[in-house]
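Here is a short walk through one structure.

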Amino acid sequence: MTDNRFDLDGTSRQILRELQKNASLTNQELAERVGISPSPCWRRVSELRSSGVITRTVTLLDPDQLGLSVSVFVHLSLQRQDQASLKEFETQISQRSEIMECYLMTGESDYMLRIVVHDIREFRDFMIGFLTALPNVSNLRSSFALSQIKYTTALPV
């Protein structure tokens, strides 16, 4: 470990690349793809989990298949940026399933949110009923995604 980073060799990097493509691979399949035997493959994956490099395993869903085809990026500013105000805002935001991502930002806005909903009406209701009702919110700017050009959950390892 150096600088809070886990040192990865080529085999561990290949394991991570394969798991990011398909986390449902069996240990046998993963070992074959990276060119090592199953036992050391299992040890490496276990080490990557215990070290925190692999944080969790999830199933990715197709938003269009679920009718969640509207993605909105919201730039939001707060009236006050003190620690208590930021924490209160982040607590409220983290409880809403429509908010897929939330980033504390530098620049013109304090936060950027990615929100996924079924339609514009649902976004309007979410914005009026939730976002503008939050204490301390001073400014909202929304941009609707017209099409998704690239989307990945895979980190460049």
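Rings of Phe, Tyr and Trp (its six-membered ring) pair if their centres lie within 6.5 Å; planes under 30 degrees apart are stacked, over 60 edge-to-face, and the rest tilted. Phenylalanine 89 and tyrosine 111 form a tilted pair, 4.5 Å centre to centre with 40 degrees between the planes. This pair links distant parts of the chain. Phenylalanine 89 sits in helix 4 (residues 83–93) and tyrosine 111 in strand 3, 22 residues apart. Helices (H or I, at least four residues) and strands (E, at least two) are DSSP runs, numbered from the N terminus.

This is a predicted model: local features need pLDDT of at least 70, side-chain atom pairs need 80 or more, and totals for chains, interfaces and linings use all residues. Residues are numbered from 1 along each chain as its sequence is written, and side-chain values use heavy atoms, without hydrogens and water.

Phe89 also lines the largest cavity, together with Arg80, Ser85, Glu88, Gln92, Leu134, Pro135 and Asn136. A cavity is a set of points on a 1 Å grid over the protein atoms alone where a 1.4 Å probe fits but cannot get out; lining residues have an atom within 4 Å of a point. The volume of the largest cavity is about 50 Å³.

Now the open space. A pocket is an open set of grid points with protein on both sides within 12 Å along at least five of seven lines. The largest pocket has a volume of about 2000 Å³. It has 49 lining residues, and the closest to its centre are Val58, Leu60, Tyr151, Thr152 and Thr153. Helix 1 gives the largest share of the lining, four residues.

Where is valine 58? It lies in the loop between helix 3 (38–50) and strand 1 (70–78).

Methods. Points joined across faces, edges and corners; volume = space filled by probe spheres on them.
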